[in-house]
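This briefing is meant for a reader who is meeting the structure for the first time.

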Amino acid sequence: MAESGKGASSDNDKIQNLIAARKSLKLSLEKSKSLGLALGKAGPRLDEINQRLPSLEASVRPIRADKDALVAVGGHINRAVGPAAAVLKVFDAVHGLEKSLLSDPRNDLPGYLSVLKRLEEALKFLGENCGLAIQWLEDIVEYLEDNSVADEKYLSNLKKSLRDLQNDDERSRLDGGLLDAALDKLEGEFRRLLVDHSVPLEMSSSSAGEQAAAIAPSPLPVAVIQKLQAILGRLIANNRLEKCISIYVEVRSSNVRSSLQALDLDYLEISIAEFNDVQSIEGYIAQWGKHLEFAVKHLFEAEYKLCNDVFERIGLDVWMGCFAKIAAQAGILAFLQFGKTVTESKNDPIKLLKLLDIFASLNKLRLDFNRLFGGAACAEIQNLTRDLIKSVVDGAAEIFWELLVQVELQRKIPPPPDGGVPRPVSFVTEYCNKLLGNDYKPILTHVLHIHRSWKHQKFQDKLLIKEMLSIIKAIELNLETWMKAYEDNTLSNFFAMNNHYHLYKHLKGTQLGEILGDSWLREHEQYKDYYAAIFLRDSWGKLPSHLSREGLILFSGGRATARDLVKKRLKTFNEAFDEMYNKQSNWVVPDRDLREKTSQLIVQSVVPVYRSYMQNYGPLVEQEGSSSSKYAKYSVQALEQMLSALFLPKPGRYGSFKVSRRVSDKFDNGVASLHRTASAIV
């Protein structure tokens, strides 16, 4: 029993040992597992520690650095921090201005300009002191690097940042573009002020002349000008003057063009190819003078004053240059070019009058042109003006000195078949009167004086008078030549009557008539009477002789024989009357007074004799019945009406005064036509 008990006890111990061993193994496994987990967590921490070691090393490096170096670094840092702190403080102030400068300047322009000036001062400070701060920072970096007081990588990054700050472009962006944004807003306000207060004139083309004398565009209000000047001050300080001038020129020139648009100035763009001669555009030339005067004396005058008011503080060259651009863009060059186009058209006498009109307009504005466009900035306008004046003077002088030649060349053309006044005679006499009138003589004299002075020749008024007298003498020679050209002497005398009376009537009481003198005028009046008498004697004065009473009073052969004699004489009278009337029914007396007087003399010469004859002997013929109308062809009343209706002008029967091809080089292929009526040039 004891052994069995002992054996049982031994087995029990083994079991307990196994259990204990199992627990021990289980515990060991749990510890191993825990240790594995702990080791797994320790790996990343070791990596982190490994990564932080360089920075920790750098952090403790000053501790390992030389003691003297550590002591000295404090002074370096203190010297660098002072300027850098000041720069940072101003930089913060700059950003504090951002809200004000991004607002609309119109709300408080003085306040806006004040804030902008503060920004400029701050940026100026930054520009002047950033370099000093950077220099101090570079010194401390260099010291740290030389003495190994700081980490190399850190120092490398710091050095790169400092190099970037040294770059001007980087430093210019210190304000984040705030200055440029503020200046852009000021430019916008500058434009707005101009646009809002630039109002074109409301006017019509027909009233330009009247309004030009009384209306001028109102200048900008003083308050607006002061605002513009204040804005200019800030923009100029930031090198934006050219942009301001560009805005100003754009707005103001557009305003002037808008004022001129109501005048219908499309004609200024007309080219030589668009018209045949000056006569077709002379209405435009008359408008041109009025429109140019209005533009110069009022529109450009106002712009000249306004440019001075706005830009006077900047300098003469600036505001004169600004005005020159406005004038050029607004249309002054187009006015001058139109005048030049007229000078390039075909030469004819009417063109001379139009050139004198152009010269008168320019001469009237001479002082204004010299004052407004006399500066160096207006060189283009000056050159075009001088070129125009030269073309006008040369062209006018050329046409004037050619007039005599043209009159002489007309001598070769045949006289008018109607015996009237040839177009060259009527035109030239009135044309010469026009040139010697109060409107044109001073201008023509001035032009001829200038033209001769350019050739270093003297001009005297007697040269003009002498040329006019030569032209009239040439007309007289033409009349003599034309009189001889008629094969019909009666028509020749009729022609002479017409033309001598024309010279007398149309030159009497005129400037040219006074120069020719009373004796000359009386001579032509006497010539008129002389040729009128010969005309009547050799034509209508012969008709009464066909109504002779001879043989009728003493005739005793009976009524039948008397009737035959009356019939024969009436037939002869009728045939002579019809022939003369048919021939002269196409003749013309242009002057109404002379026509009525001539008709009256013819009536007085023929009708009383015819009336008396018909009263005495008409009954002998009337007894013939139906055949009596062959002999008593006209009643006294009908005859008088026919004679009174003679010599009436026929529309469109007058020719034109054309320039000979002999001077085609000067008068454009010899087609200087004077299709003008007398009333059209008076």
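In the largest nonpolar core, which holds 163 residues, Phe300 and Trp540 are the residues that touch the most other members. Helix α11, spanning residues 282-311, gives the most to this core, contributing 13 residues. The model is a predicted one, and the points below should be read with that in mind.

- Leaving aside residues up to four places away in sequence, phenylalanine 300 touches Val256, Ala295, Phe323, Ala327, Ala330, Ile332, Leu372 and Phe373.
- As general background, nonpolar side chains in soluble globular proteins tend to be buried together.

**Cysteines**
- The structure holds 0 disulfides.
- Cysteine 307 takes part in no disulfide, and the nearest cysteine sulfur, which belongs to cysteine 322, lies 4.1 Å away, whereas a disulfide requires the two sulfur atoms to be within 2.5 Å.
- Cysteine 307 is buried, its relative accessible area being 0%.
- For cysteine 378, the closest cysteine sulfur is that of cysteine 307, and because the two sulfurs are 9.9 Å apart, they are too far from each other for a bond.
- Cysteine 378 is buried as well, with a relative accessible area of 1%.

**Serine 426**
- Serine 426 has its place in helix α17, which covers residues 423-436.
- Serine 426 counts as buried because its relative accessibility is 14%, and the cut-off for buried is under 20%.
- The side chains of serine 426 and arginine 423 are joined by a polar contact of 2.8 Å.
- Not counting residues up to four places away in sequence, serine 426 touches Val421 and His502.

Technical notes:
Residues numbered from 1 in each chain as written. Predicted model: local features only at pLDDT ≥ 70, side-chain atom pairs only at ≥ 80, totals over all residues. Heavy atoms only, no water. Core = buried A, V, L, I, M, F, W, Y, C linked by side-chain atoms within 4.5 Å. Buried < 20%, exposed > 50% of the residue type's maximum accessible area, 1.4 Å probe, protein only. Helix = DSSP H or I, 4+ residues; strand = E, 2+ residues; numbered from the N terminus. Contact = heavy atoms within 4.5 Å. Polar contact = N/O pair within 3.5 Å; in protein donor to acceptor, adjacent residues only side chain to side chain.
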